[in-house]
Amino acid sequence: MPELGRAALVVTLGLVLYAVLAGGWAAARGRRRLALSARNALVAAFCSTLVASLVLWAALWRHDFSFTYVSDHTSRKLPLGYSLAAFWGGQEGSLLLWLLILTGYCALAVWLTGRSARGLVPWVVPVLGLVASFFAFMLVVVSSPFATQLAPADGAGMTPSLQNPYMLAHPPLLYLGYVGLTIPFAFGMGALLSRQTDERWIVATRRWTLSAWAFLGVGQLLGAHWAYTEIGWGGYYAWDPVENAALMPWLAATAFLHSVMIQEKRGMLKVWNMILVALAFCLSIFGTFLTRSGVVNSIHSFSQSPLGSWFLGFIVFIVVATALLIWVRLPLLHARTKLESLASREATFLYNNLLLVAFCLTILWGVMWPILTEAVRGTPSTVSKPYYNFFLHSFGLPLLLLMGIGPLVAWRRASLRALGRTFLVPFGVALAVGVALLAAGAGSSLPGLLAYTFSAFVAASIALEFTRGTRARRSLADESWPGAFASLIARNRRRYGGYVVHAAVLMLAIGVAGSSAYQTVREQKLMPGQSMTIDGRTLTYRGVQQRQASNAQEFRAVVDVSIGGGHVTTLYPGKNVYPVEQQTSNEVSIYHDWRNGGDLFTIADQIDKSGAVYFKVLVKPLVNLIWLAGFIFVGGSLIALWPDAAEQRRLAARYAPEAAVA
Amino acid sequence: MTLAALLLGALVAVAAVLIVARPFLREPETKDDRLLPRGELEDRRLALAEERDRALAALKELEFDHRTGKVSDDDYRAALGPLRRAAADALRALEPRAQSGRERVAFPERQ
């Protein structure tokens, strides 16, 4: 039924164009029914996009190779889960997923905020419609997933590295994050268009921003774990342009989440917040441009396609239109308060913002460098790991420290005496940890030592915040310690949820520092029966096993691991040969040592016919803290996202039309 | 299959048109088709309400930070007055009877 898919997408395009034109007219002329009709068009657009998506899913399910997309990305031997996940495994399908999520978000956002942001929504609808129009146009005119052909006997199959359970979760989560950034952007632009530059757009999109940011964060972490367990090079982040493309909007959104608090608390940084929300959105589009245009070499990107110039045009249009709109509305965005002191909470937020944006822009520069050099000199020149690591250390370490400093400083102004008192414990803890680490030999890596010392400072600062807060609650309400702790969090979910997220970032930093600054690597060729040692672990290679799976032939080297003569585990690094796809993949084998959070990571780089295997073995201390941090990150985000009834009542009273002065 | 697909496609289009036309189908004729206008007065009220909430939240935060020892007694006393004044000014400006008239809704002095 490709015709139904095509027809549904044409209907979607018509609906979102209607949302732009009718919605824009209704907002400008103040037409109520037309505005409602335009809003409904976004809801209907989601329904028709869902129909198109179901058509594609049905074709994938039935192995209908008359769909070019299905035959290009699946085969009869591909397990069902991966066949269905092929929906987002290719260029056209992933664009359709983008549109599906976008129209779903649009429908939900205008529906949920129709009451609380009544005056704003009519202006938001055309902005959302405009973004959706671009993606619908691409799917209808440039890159349709419903192209047909004479059905071949079998399909080309799926790239082996995509045949991983993470394929089911990582791309959709990442898209939920990327696309989610459209909502705060649209509300920001709607606020500018309607001249309603009060806090309403921020209040309406607070949870949207937070959830998009959380999805993007979790999506990246899953992607990192996928790379770690599947790609087989021993790392989890390679500063690849497409990986950076997901990191940049996350950094911009992190800056926005912090700076928006200053606008809420102090009425400051209105222009900066508009710039940040636009930056985060533009970077999310830029990310998909990088993935789809073929302008950069990346294992994550789709093949060369005609989409690049369209995306580039759209990005230029958005940047110019947003800049003009902010410029025209500058008089409405003036702050009515000023920064009172450089030693205040809002000042630390400002420093955090500057570092985050600087880090984001240096990554952007690194990503664009090959494109720019190719445009100027004809040959691309790339920047590599040392460039990114330099800026990671330059901006990341101060950011880590600020995460501990911020919570200790009061809003508006903090005296030196108060600062001295609140900093005493975290500073003492950090000093003690730093000295102990130096004595233990951690000074071999200065960035690693600084990361651990700063982490100790942040951990002490977070623990102190919870302890002091609980004690204060206890004295106020005469509650038990657990009761006071629970009510402390329940009464200020954003703040304490934020601290839990800080704890997750802290664990991530410790894991990254440990697994990169203090990792050990050894490579050796072994014959069956031979051994190698690394960091006190002895690995004995026993031989190669072979097995036929449904879609691949599996070769596994059997490696016994022992410590101090005692057998610990057996690892099976090897390779998979995919006959349909005519590709071979590395299959790593990892021993997680949960006592110290580290991994013994084995790769069988080459398996000879003689039975000899070239092994690459890594010991990665504390790397599992990175994955554990993901769970804490989700927990913290959920605490911050959880609705607060008291706050909702206050906001409802503030924005209710009947609250107007009679 | 093609005919069925086209019929289903037409069905999707008709359903979409019905959803979009719903506001006009529900109210074919209406006396007031205007979006709620937002006057200058409403903008000022909203700004004051935000100001009030900001000041009240800041007072709450100051109180809590003082209790937790983050703010010293001196800093607490110095910050309390201006915040209370800001909250009181916003509350007073939002109170219609005290102001005896909507034209009195005005911004409090900056702290």
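Predicted model: local features only at pLDDT ≥ 70, side-chain atom pairs only at ≥ 80, totals over all residues.
Local features need pLDDT of at least 70, side-chain atom pairs count only at pLDDT 80 or more, and totals for chains, interfaces and linings use all residues. Residues are numbered from 1 along each chain as its sequence is written, chains are lettered from A and ligands numbered from 1 in the order in which they are written, and side-chain values use heavy atoms, with hydrogens and water left out.

A disulfide is a covalent bond between the sulfur atoms of two cysteines. Here the term was applied to a pair of cysteine sulfur atoms within 2.5 Å. The count over all chains is zero. A:Cys106 is in no disulfide. Its nearest cysteine sulfur belongs to A:Cys47 and is 13 Å away. A:Cys106 is buried, at 0% relative accessible area (buried: under 20%; exposed: over 50%; partly exposed: in between; 1.4 Å probe, protein chains only). For A:Cys282, the closest cysteine sulfur is that of A:Cys360, 11 Å away and too far for a bond. A:Cys282 is also buried, with a value of 13%.

Rings of Phe, Tyr and Trp (its six-membered ring) pair if their centres lie within 6.5 Å; planes under 30 degrees apart count as stacked, over 60 as edge-to-face and the rest as tilted. A:Tyr387 and A:Phe391 have ring centres 5.0 Å apart and planes at 65 degrees, so this pair is edge-to-face. Both residues lie in helix 14 (residues 385-405) of chain A. Helices are DSSP runs (H or I, at least four residues), numbered from the N terminus. A:Phe391 is buried at 18% relative accessibility. One aromatic cluster includes A:Tyr387 and A:Phe391, with A:Tyr237 and A:Trp239 also among its members.

Technical notes
Helix = DSSP H or I, 4+ residues; strand = E, 2+ residues; numbered from the N terminus.
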